[in-house]
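I am opening a notebook on this structure. The entries below record what I looked up, in order.

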Amino acid sequence: MTAFETPGGPSGERPRRRADAERSRVAVLDAAVRLLARRPDAGMAAIAAEAGVTRQTVYAHFGTRDALLGAVADRITHQAMAAMDEAEERGGPALDSLLRLQDIGWRLFERNPVLLGLPGGRAGAAADTSRHEPVAARLTRLVQQGQASGEFDPAPPAGWLVAAIIALGHAAGDEVGAGRMPVREAAAWLRVATLALLGAGRRDPAS
């Protein structure tokens with residue numbers, strides 16, 4: 001074996017295998033995102049067919065359907081973050097920016113109803129908290145900006161307001177998931193509740 005070879009094969013064989021495995025994993029994940037947007041209850045066999053691979057391949061990359069759903073949620077979260085980054089670059093009043101972020105989240109939610117079926121339990125809650133951290137950071141900046149400019153009530157702590165906004169979002173999602181409210185109606189009432197919580201429109205920005 002030369003210095004340019006690795007155990008079990010010539011130089012580059014193992015990196016190629018890893019690259020092939022990663023491409024296969026990405027293809028399965030892409031297929032899952034596409035199919036679950038249309039059929040939130042699709043199983044692993046249907047996802048394998050969508051990806052053009054065997055069911056065994058899907059299980060090799062994602063040991064359970066819950067693990068695959070978690071990866072799908074992460075992918076959608078990354079898409080949301082990219083859209084929110086772009087929206088934040090537009091600037092403007094804090095209220096407008098905050099409502100744009102909510103709209104982005106709900107548009108992705110509407111296009112991906114599988115988010116309603118994410119795994120629960122302690123692991124699911126921990127993953128959900130992790131996904132919300134970058135959103136919470138953005139909301140905190142906007143709430144602080146709005147309080148400083150007089151757009152929002154300055155009295156409540158910004159962290160509490162952000163936690164309450166996120167809790168309202170979960171409540172709206174639960175209503176949709178339970179079939180008690182369609183997505184657009186839930187989004188509309190979430191906006192009303194958010195405005196009331198922030199005290200938006202009640203204060204004179206010049207005061």
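What is the mean pLDDT of the chain, and what share of its residues reach 70 or more? I found a mean of 84, with 84% of the residues at 70 or more; pLDDT is the predictor's confidence in each residue, from 0 to 100.

Ground rules, noted once. This is a predicted model, in which local features need pLDDT of at least 70 and side-chain atom pairs count only at pLDDT 80 or more, while totals for chains, interfaces and linings use all residues. Residues are numbered from 1 along each chain as its sequence is written, and side-chain values use heavy atoms, with hydrogens and water left out.

Where pLDDT is low, the predicted coordinates should not be read in detail.

Entry on helix α1. Helices are DSSP runs of H or I with at least four residues, numbered from the N terminus. I looked up α1, residues 13-38: its 26 residues reach 38 Å from first C-alpha to last, close to the 38 Å expected (1.5 Å times one less than the number of residues). Its buried residues include Val 28, Leu 29 and Leu 36; buried means under 20% relative accessible area, with a 1.4 Å probe and protein chains only. Among the elements covering them are α2 (44-51), α3 (55-61) and α4.

Entry on Leu 69. I found Leu 69 in helix α4, residues 65-88. Leu 69 counts as buried because its relative accessibility is 2%. Its C-alpha is 9.3 Å from that of Leu 29, 40 residues apart along the chain.

Entry on the core. A nonpolar core is a set of buried Ala, Val, Leu, Ile, Met, Phe, Trp, Tyr and Cys residues joined through side-chain atoms within 4.5 Å. The largest one has 51 residues, and Leu 36, Leu 68, Val 72, Leu 98, Trp 106 and Val 143 touch the most other members. The largest share, 10 residues, comes from α4. I then checked Trp 106: beyond four places in sequence, it touches residues including Gly 169, Val 176, Val 183 and Leu 190.

Entry on Ser 97. Is Ser 97 buried or exposed? Ser 97 is buried, because its relative accessibility is 6%. I placed Ser 97 in helix α5. Apart from neighbours within four places in sequence, Ser 97 is in contact with Gly 91, Gly 92 and Leu 142.

Conventions: Helix = DSSP H or I, 4+ residues; strand = E, 2+ residues; numbered from the N terminus. Buried < 20%, exposed > 50% of the residue type's maximum accessible area, 1.4 Å probe, protein only. Contact = heavy atoms within 4.5 Å.
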